[in-house]
Amino acid sequence: MARIVRLNDESQRFQDDGNVSRCYSTGHRRVTTPNEGRYLSVTAKRNRQNTASDLSRQLSSVNGTAVSRQTVYRRLGHIGLYARRPVRSVPLTATHCRLRLNWSRERALWTPQQWSCVMFSDESRFSLQSDSRRTLIWRATGTRYHQENTFERQRYGGAGWLVWGVIILGSRSDLHVQSVTMTGHIYRDVILEQHARLLRGAMGAEFLFVDDNACPHRVNIVDECLQSEDITRMDWPAYSPDLNPIEHVWHILD
């Protein structure tokens with residue numbers, strides 16, 4: 001009789017886990033069943049922005065099983081799903097992709113000496129309010145740049161501080177912080193005149209200046225200032241913040 005009971009237990013374990021090997025435990029019974037664990041997994045993958053609290057409430061409403069947020073984290077962690085920030089990207093057309101690829105190929109064989117003459121500049125906006133970038137998604141290790149884990153977005157809203165800086169191979173500039181919106185006049189009078197012009201004089205004729213295609217950077221007064229100061233601006237493909245290494249510095253600081 002005991003052997004029949006043991007065989008029934010092993011048969012049930014095989015249906016649940018796919019094996020009949022002996023399981024050693026601390027004696028604490030799991031709150032969730034294997035089926036409930038699979039439900040959490042499927043629900044998290046269908047809507048990756050569900051929080052652990054959301055998943056806990058959904059499981060309770062469906063099966064009546066009450067679990068904590070920590071239990072949800074553990075169950076999803078067992079199958080390799082972890083709460084991480086999603087990758088943010090801008091929408092790209094076929095033309096954008098072609099121009100980005102051409103730009104990259106032209107500079108793929110540049111030497112460190114050539115890159116040492118390039119000044120990568122950018123301003124980043126640090127929000128003073130709650131930001132959707134704080135929203136986490138469920139994803140597996142190594143899938144950060146998969147399409148389902150990437151959200152497209154062009155602009156951020158709300159109040160914040162604008163921080164401008166420069167990185168060069170082996171060096172960097174001081175940060176310039178302002179609370180007002182960047183305009184063409186501010187960009188010329190403050191950024192170019194007080195920062196870029198001095199760096200141009202220190203680095204010599206091979207100096208290359210990199211900024212993005214934001215509207216304040218491309219107005220006529222900025223172009224005229226660059227020409228008068230003999231500052232060569234590197235051509236930059238549209239919608240390509242990921243090609244500028246200083247963008248990744250902002251992500252580390254944020």
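**Questions on the terms used for this predicted model**

Biologist: Why is W161 called partly exposed?

Modeller: W161 has a relative accessible area of 40%. Buried means under 20%, exposed over 50%, and partly exposed in between (1.4 Å probe, protein chains only). W161 therefore counts as partly exposed. This is a predicted model, in which local features need pLDDT of at least 70 and side-chain atom pairs count only at pLDDT 80 or more, while totals for chains, interfaces and linings use all residues. Residues are numbered from 1 along each chain as its sequence is written, and side-chain values use heavy atoms, without hydrogens or water.

Biologist: What makes the nonpolar surface patch of about 300 Å²?

Modeller: W161, L175 and V177 make this patch. Patch residues have over 30% relative accessible area and no salt bridge, with nonpolar side chains joined within 5 Å and like charges within 9 Å; a salt bridge is a side-chain nitrogen of Lys or Arg within 4 Å of a carboxyl oxygen of Asp or Glu. Areas come from the Shrake-Rupley method with a 1.4 Å probe, and for residues only the protein chains shown count as cover. At 40%, W161 passes the area cut-off.

Biologist: In which strand is W161 found?

Modeller: W161 is in β6, residues 160–168. The chain has 9 helices and 10 strands, which are DSSP runs numbered from the N terminus (helices H or I, at least four residues; strands E, at least two).

Biologist: Which residues touch the most other members of the largest nonpolar core?

Modeller: They are M119, Y187, L192 and F209, in a core of 17 residues. Such a core is a set of buried Ala, Val, Leu, Ile, Met, Phe, Trp, Tyr and Cys residues joined through side-chain atoms within 4.5 Å. Two or more residues each come from β6, α7 (184–203) and α8 (220–228), and α7 gives the largest share, 5 residues. Beyond its neighbours within four places in sequence, L192 contacts Y187, R197, F209, V222, C225 and L226, where contact means heavy atoms within 4.5 Å. Another core, of 10 residues, lies apart and includes A44, V72, L81 and W138.
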